Amino acid sequence: MQIAAINHIEVDERGVAYIAGTRMKVHILVGQMQVNHFTFEQLLEGYPSLSLAQLHAALAYYYDHKDEIDQYAERVREESRQMQAADERTHPERYARLREKMRQYKERQQAKD
């Protein structure tokens, strides 16, 4: 019996998995499900340019390469935290304004409830 290759996933020279023909990284879709608790149906709604087969392929690829994709995603999050911390040290007044706006927004949301 011959195994059929499903060519919906591409891996770049850095080892980052993408949905073939797009800029969509597999770890982004997985993150939407894990962090934002998106269902498969919400992913389909949120990414209408992706086909059902592409999303299934992305998740299948993830489960076959879970450890390496999780490690990559954590590296990306850590780099992002470091860049934000450096930016905050450079522009503390901007972040103080943002924190104040977030506080006010939360107060408004709580007042509605």
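**Entry 1: Arg-103 and the ground rules**

I started at Arg-103, which counts as partly exposed at 39% relative accessibility. My cut-offs: buried is under 20% relative accessible area, exposed is over 50%, and partly exposed is in between (1.4 Å probe, protein chains only). Arg-103 is found in helix H5. Helices (H or I, at least four residues) are DSSP runs, numbered from the N terminus. The side chain of Arg-103 makes a polar contact with the side chain of Glu-107 at 2.3 Å. By polar contact I mean a pair of N or O atoms within 3.5 Å; within protein, one must be able to donate a hydrogen and the other to accept it, and residues adjacent in sequence count only if both atoms are side-chain atoms.

I noted that this is a predicted model, where local features need pLDDT of at least 70 and side-chain atom pairs count only at pLDDT 80 or more, while totals for chains, interfaces and linings use all residues. Residues are numbered from 1 along each chain as its sequence is written, and side-chain values use heavy atoms, with hydrogens and water left out.

**Entry 2: salt bridges**

How many salt bridges does the structure hold? I found 9. The criterion is a side-chain nitrogen of Lys or Arg within 4 Å of a carboxyl oxygen of Asp or Glu. Side chains of opposite charge can pair when their charged atoms come close.

I looked at Asp-70 and Lys-66. Their closest N and O atoms are 2.8 Å apart, in a salt bridge. Both residues lie in helix H4 (residues 66-90), 4 residues apart, about one turn of the helix. Asp-70 is partly exposed at 23%. Lys-66 is partly exposed too, at 36%.

Next I checked Arg-94 with Asp-87. Their side chains form a salt bridge, 3.4 Å from N to O. Arg-94 has a relative accessible area of 34% and is partly exposed. Asp-87 is partly exposed at 23%.

Then I turned to Arg-99 and Glu-88, a salt bridge with closest N and O atoms 2.6 Å apart. Arg-99 lies in helix H5 (residues 92-112) and Glu-88 in helix H4, so this pair ties together parts that are 11 residues apart in sequence. Arg-99 is partly exposed at 48%. Glu-88 is partly exposed at 27%. I also found one network: Glu-74, Arg-77, Glu-78 and Arg-81 are joined by salt bridges that share partners.

**Entry 3: helix packing on H4**

I took H3 against H4. The two pack at an angle of about 95°, with their axes 5 Å apart. Axes are lines fitted to C-alpha atoms, for helices over the stretch in contact, and angles run from 0 to 180 degrees between N-to-C directions. H3 is therefore roughly perpendicular to H4, a label that covers 65 to 115 degrees. H3 brings Tyr-61, Tyr-62, Tyr-63 and Asp-64 to the contact, and H4 brings Lys-66, Glu-68, Ile-69 and Asp-70. Contact means heavy atoms within 4.5 Å. By class I read 4 nonpolar, no polar and 4 charged residues. Here Ala, Val, Leu, Ile, Met, Phe, Trp, Tyr, Cys and Pro count as nonpolar, Asp, Glu, Lys and Arg as charged, and the others, Gly among them, as polar.

At what angle do the axes of H1 and H4 cross? The axes of helix H1 (residues 26-34) and H4 cross at roughly 85° and come within 10 Å. H1 and H4 are therefore roughly perpendicular to each other. Val-26, His-27 and Gln-34 in H1 meet Ile-69, Asp-70, Tyr-72, Ala-73 and Val-76 in H4. That contact has 5 nonpolar, 2 polar and 1 charged residues.

Is Gln-54 buried or exposed? Gln-54 is buried, with a relative accessible area of 12%. This residue lies in helix H3. The Gln-54 side chain reaches the backbone nitrogen of Ser-51 at 2.7 Å. Leaving aside neighbours within four places in sequence, Gln-54 is in contact with His-8, Ile-19, Ala-20, Thr-22 and Ser-49.

Ser-51 is found in the loop between helix H2 (40-46) and helix H3 (52-64). Ser-51 is partly exposed at 31%. I also checked Ser-51 against His-8: 43 residues apart along the chain, with C-alpha atoms separated by 9.9 Å.

**Entry 4: His-37**

Last, a backbone angle. Most residues other than glycine have a negative phi. His-37 is not a glycine, yet has a positive phi of about 60°. His-37 is found in the loop between H1 and H2. With a relative accessible area of 61%, His-37 is exposed.

Terms used:
Parallel < 35°, antiparallel > 145°, perpendicular 65-115°, else oblique.
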